[in-house]
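Welcome! Take a moment to turn the model around on your screen before reading on. The report below starts with the overall fold and then moves inside.

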Amino acid sequence: MSDTGSAPAQALDYDIVKILKALPHRYPLLLVDRVRSIELGERIHAVKAVSMNEQFFQGHFPGAPIMPGVLQIEALAQAAGILGIETMELAGTGKLVIFMGIENAKFRAPVTPGCLLDLDVEFTQKRARVYKFKGVASVEGKTTCEVEFTAMMVDSI
């Protein structure tokens with residue numbers, strides 16, 4: 001990323017192949033299906049297609065399936081991971097973005113099978129290898145989860 005004041009680089013519509021290059025996560029814990037837009041060094045808009053076939057719906061809750069809030073936060077963190085890895089051009093290097101802290105998590109509405117969960121994440125602070133993010137998950141414009149979190153870039157574990 002350039003510090004010359006130019007506009008941040010943008011990309012549109014990462015498919016699953018590009019997501020798999022940026023993230024180490026795999027089924028059943030890969031929670032980002034598509035990246036709609038990314039402004040390197042700034043923000044990302046990704047999507048999780050929530051299907052009744054998700055393993056967690058077997059027990060959360062039978063007869064009234066709701067996506068666990070912690071998995072909404074994980075989906076936002078994975079989107080942030082893509083943003084961080086792509087911003088620093090580290091895809092395929094084995095570097096990982098890992099959680100350090102979660103703050104101000106709020107759950108506003110349930111996420112049920114058949115939803116497209118929008119994941120909007122932006123950098124709020126960048127220092128060396130430690131980053132802070134703000135994330136909002138929503139369905140059809142209605143906020144389901146909002147959270148602030150801290151992550152760190154590390155070598156592969």
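Helices here are DSSP runs of H or I with at least four residues, strands are runs of E with at least two, and both are numbered from the N terminus. Please keep in mind that this is a predicted model.

With those terms in hand, the protein chain can be read from the N terminus on as β-α-β-β-α-β-β-β-β. That comes to two helices and seven strands. The radius of gyration of the protein chain is 15 Å, close to the 15 Å that the globule rule gives for 157 residues, so the chain is as compact as a globular protein of that length. Along the principal axes, its C-alpha atoms fill a box of roughly 55 × 30 × 25 Å.

Here are some values for the protein chain as a whole.

| Property of the protein chain | Value |
|---|---|
| Share of the 157 residues that count as buried | 40% |
| Distance between the mean positions of the 16 positive and 18 negative charges | 3 Å |

The contacts tell us how the sequence folds back on itself. Among contacts between residues at least 6 apart in sequence, 65% join residues at least 24 apart.

Now let us look inside. In soluble globular proteins, nonpolar side chains tend to be buried together. In this model, the largest nonpolar core has 41 residues, and V35, I82, L119 and F133 are those with the most contacts inside it. At least two core residues come from each of α1 (16-22), β2 (34-39), β3 (43-49), α2 (69-87), β5 (116-127), β6 (130-139) and β7 (142-154). Which element gives the largest share of this core? It is α2, with 10 residues.

Start with I82: leaving aside neighbours within four places in sequence, I82 is in contact with Y14, I19, A22, L23, V32, V35, I38 and I44.

One of those partners, I19, lies in helix α1. Is I19 buried or exposed? Its relative accessible area is 0%, so I19 is buried, given that buried means under 20%. Not counting residues up to four places away in sequence, I19 touches Y14, L30, V32, D33, R34, V35 and I82. To see one of these pairs in space, find I19 and V32: they are 13 residues apart in sequence, and their C-alpha atoms are 7.7 Å apart.

Notes
Residues are numbered from 1 along each chain as its sequence is written. This is a predicted model: local features need pLDDT of at least 70, side-chain atom pairs count only at pLDDT 80 or more; totals for chains, interfaces and linings use all residues. Side-chain values use heavy atoms; hydrogens and water are left out. The radius of gyration is taken over C-alpha atoms; the globule rule is 2.2 Å times the number of residues to the power 0.38. Buried means under 20% relative accessible area, exposed over 50%, partly exposed in between (1.4 Å probe, protein chains only). Contact means heavy atoms within 4.5 Å. Lys and Arg count as positive and Asp and Glu as negative; His and the chain ends are not counted. The place of a charge is taken as NZ of Lys, CZ of Arg, CG of Asp or CD of Glu. A nonpolar core is a set of buried Ala, Val, Leu, Ile, Met, Phe, Trp, Tyr and Cys residues joined through side-chain atoms within 4.5 Å.
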